[in-house]
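This report describes selected features of one protein structure. Please consult the sequence and the coordinates alongside the text.

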Amino acid sequence: MRILRSVRHKSCADGSRMKEFLLSEPVTEDFFLFLRDFGRVERLANVGAGFYKFEKTDFFSIKGLAGDTTVEVRFRREVMDITVDFLYALFHFYRDGKPDIDTLKRREAGVERRVKECLYGK
């Protein structure tokens with residue numbers, strides 16, 4: 001599954017940046033469950049069956065409906081340029097339901113160091 005392009009974007013009142021991305025194929029429930037290796041995943045049953053939210057603190061959140069070909073991503077503005085590549089990697093390395101966790105964990109560690117330096121000077 002790949003991100004094809006951003007189809008909508010806006011600046012939010014809370015300072016975050018929202019982008020809606022068009023995907024090469026429908027997002028699946030298994031994809032959202034795979035994201036648990038990288039952050040917190042919630043099934044938002046009160047919004048609708050198959051609706052999920054993923055959050056990676058200080059990076060971004062992803063909201064979407066299983067079976068849909070778009071997802072909404074909210075980035076922390078200060079680190080969007082640093083974290084957007086990791087977002088693309090999450091989709092790219094989830095190949096046919098067989099994610100490359102080792103590669104993604106290495107990338108995640110490198111991006112986390114840069115995010116902490118940017119946000120907290122550490």
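Which strand gives the most residues to the lining of the largest pocket? The answer is strand 4, with three residues. The structure discussed here is a predicted model.

## The largest pocket

The volume of the largest pocket is about 180 Å³. Its lining comprises 16 residues, of which S16, F60, R74, F75 and R76 are the closest to the centre. Two or more lining residues come from each of strand 4 (51-56), strand 5 (60-65) and strand 6 (70-75).

By class, the lining of the largest pocket consists of nine charged, four polar and three nonpolar residues.

## The loop between strand 4 and strand 5

D58 lies in the loop that runs between strand 4 and strand 5. The phi of D58 is near 70 degrees, a positive value in a residue other than glycine. Most residues other than glycine have a negative phi.

## Packing of helix 2 and helix 3

Two packed helices are described by the angle and the distance between their axes. For helix 2 (residues 80-92) and helix 3 (residues 101-120), the axes come within 9 Å and cross at roughly 160 degrees. Angles over 145 degrees count as roughly antiparallel, and helix 2 and helix 3 are therefore roughly antiparallel to each other. Their crossing is left-handed.

On the side of helix 2, the contact involves I82, T83, F86, A89 and L90; helix 3 contributes L104, R107, E108, V111, R114, V115 and C118. Eight nonpolar residues, three charged residues and one polar residue make up this contact of helix 2 with helix 3.

Key: Residues are numbered from 1 along each chain as its sequence is written. This is a predicted model: local features need pLDDT of at least 70, side-chain atom pairs count only at pLDDT 80 or more; totals for chains, interfaces and linings use all residues. Side-chain values use heavy atoms; hydrogens and water are left out. Axes are lines fitted to C-alpha atoms, for helices over the stretch in contact, and angles run from 0 to 180 degrees between N-to-C directions. Helices (H or I, at least four residues) and strands (E, at least two) are DSSP runs, numbered from the N terminus. Angles under 35 degrees count as roughly parallel, over 145 as roughly antiparallel, 65 to 115 as roughly perpendicular and the rest as oblique. A crossing is left-handed if the near helix is turned anticlockwise from the far one by less than a right angle, and right-handed if clockwise. Contact means heavy atoms within 4.5 Å. Ala, Val, Leu, Ile, Met, Phe, Trp, Tyr, Cys and Pro count as nonpolar, Asp, Glu, Lys and Arg as charged, and the others, Gly among them, as polar. On a 1 Å grid over the protein atoms alone, a cavity is a set of points where a 1.4 Å probe fits but cannot get out, and a pocket is an open set with protein on both sides within 12 Å along at least five of seven lines; lining residues have an atom within 4 Å of a point. Grid points are joined across faces, edges and corners, and a volume is the space filled by probe spheres set on the points.
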